[in-house]
Amino acid sequence: MSDGQRNRLETLVRRAELRAGVSRPVVTPIQPSVVYASPSIQTLHAQYEGGAQGYTYAREGHPNAELLARKIDGLEAAEGGLVLGSGMAAVSATILGLLSAGDHILGGNQLYGRSLRLMHQDLARFGIATSVADPTDVVAMRAALRPETKMILVEAVSNPTLRVADMAGIVALAEEAGVILAVDNTFTTPVAYRPLAEGADIVIHSVTKLLAGHSDVTLGYVAAREAAQMRAIYDFAVTIGMTPAPQECWLAERGLYTFPLRFAQAQANAAALADWLADQPKVARVLYPGRADHPDHARAAALFGGNFGNMVSFELHDTNEAAADRLVQGAPDLPFAPTLGDVGTTLSHPASSSHRGLTPEGRAALGISDGFFRVSVGIEDLNLLKADFGAGLDNV
Ligand SMILES: *Cc1c(COP(=O)(O)O)cnc(C)c1O
């Protein structure tokens, strides 16, 4: 072996650095490093004690998560928000970071399915009492409060019937009762509603959905108005290990560049598609908060500044599953997939997906028959969408 060869082999394990140039990359770099080297013990002390800025270990924070969090902070009038590995990580860190055994949490009765499961099945194991009430009815919410209630968790728009919570009433109720108000803002997005600016204490997102927008990352976000609450959520999330991957944060940041454009186009499509669906003879009813026939239209108009969102639900006259399946089969270009917020339109059937755990009577109480569909409207050309839905309905 020549000296030259031996040297190269021996130094391969040393991480190399490129020479610094006079130009810079235009695109955000991806930083996959899990560990960060500090120049001295003194510096490391200063990092831990807040006197010096620097990363130590990626579970505790890394540049791509921080860049993404600062961008969402800007949208949500937040400071110091945290990006986590999923929307459910954000929901879980909020509840488990702030509540203790003996506390009670009141949830909206139509929360996201896994949030409901957390309420109904998991929290009790940790001694946290839970109950749910209808967030469109602040009297019902007030009646469900207990002396030990510490938190209220709601979504401004419910899934899949798109009912609009009485947010002004709930903000006032939480304030009066001295209860932490956490709002999952995934459906509404900060374009339509900004919980912290409206008086809530905590805002949560499934970044997976509209913010990232391309169904290729799973991420969450949470921000609290009070620094002590944010610190408790952060410490719990870091301890439990809800760390987001740098590559996913990078993709989500890229998705955010077009978020306002995507949202505007998707919501314009949703409004037009809702009106078109309402005219189709096989459609019994359409639910879209922007339509005058929606039960919460006036409240939505007051809360959301004309941003009624990209979600539309509708029900067929024929409410048996076979008819619904013929619609799915007749529109093969509309992915039949239980998600939302993708650039492309997706179709979901709550009775067989998000709400399959309920009894048919339980679903009926929410107005969800086997002929009920939820549509996450994307940015396609509207005529393409009408053709797809037309073909699906023709097949029913
Ligand atoms: C999808 C969703 C979640 C969960 O987010 P994940 O990123 O899938 O964990 C929470 N809340 C709402 C309203 C959602 O739509």
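1. Basis. The model is predicted: local features need pLDDT of at least 70, side-chain atom pairs count only at pLDDT 80 or more, and totals for chains, interfaces and linings use all residues. Residues are numbered from 1 along each chain as its sequence is written, and side-chain values use heavy atoms, without hydrogens and water.

2. Largest pocket, volume. The space in the largest pocket comes to about 990 Å³. A pocket here is an open set of points on a 1 Å grid over the protein atoms alone, where a 1.4 Å probe fits, with protein on both sides within 12 Å along at least five of seven lines. Points join across faces, edges and corners; the volume is the space filled by probe spheres set on them.

3. Largest pocket, lining. It has 41 lining residues (an atom within 4 Å of a point). E60, G61, E66, R231 and Y234 lie nearest the centre. Two or more residues each come from α2 (41-49), α3 (63-76), β1 (82-84) and α9 (227-240). Helix α9 gives the largest share, 8 residues. Elements are DSSP runs numbered from the N terminus: helices H or I, at least four residues; strands E, at least two.

4. Second largest pocket. Its volume is about 640 Å³. The lining has 25 residues, with Y112, G113, R114, S354 and H355 nearest the centre. Helix α5 (residues 113-122) supplies the largest share, 6 residues.

5. Position. Domain 1 (62-257) and domain 2 (259-394) both line the second largest pocket, so it lies between them. The bounds come from an automatic or database domain assignment.
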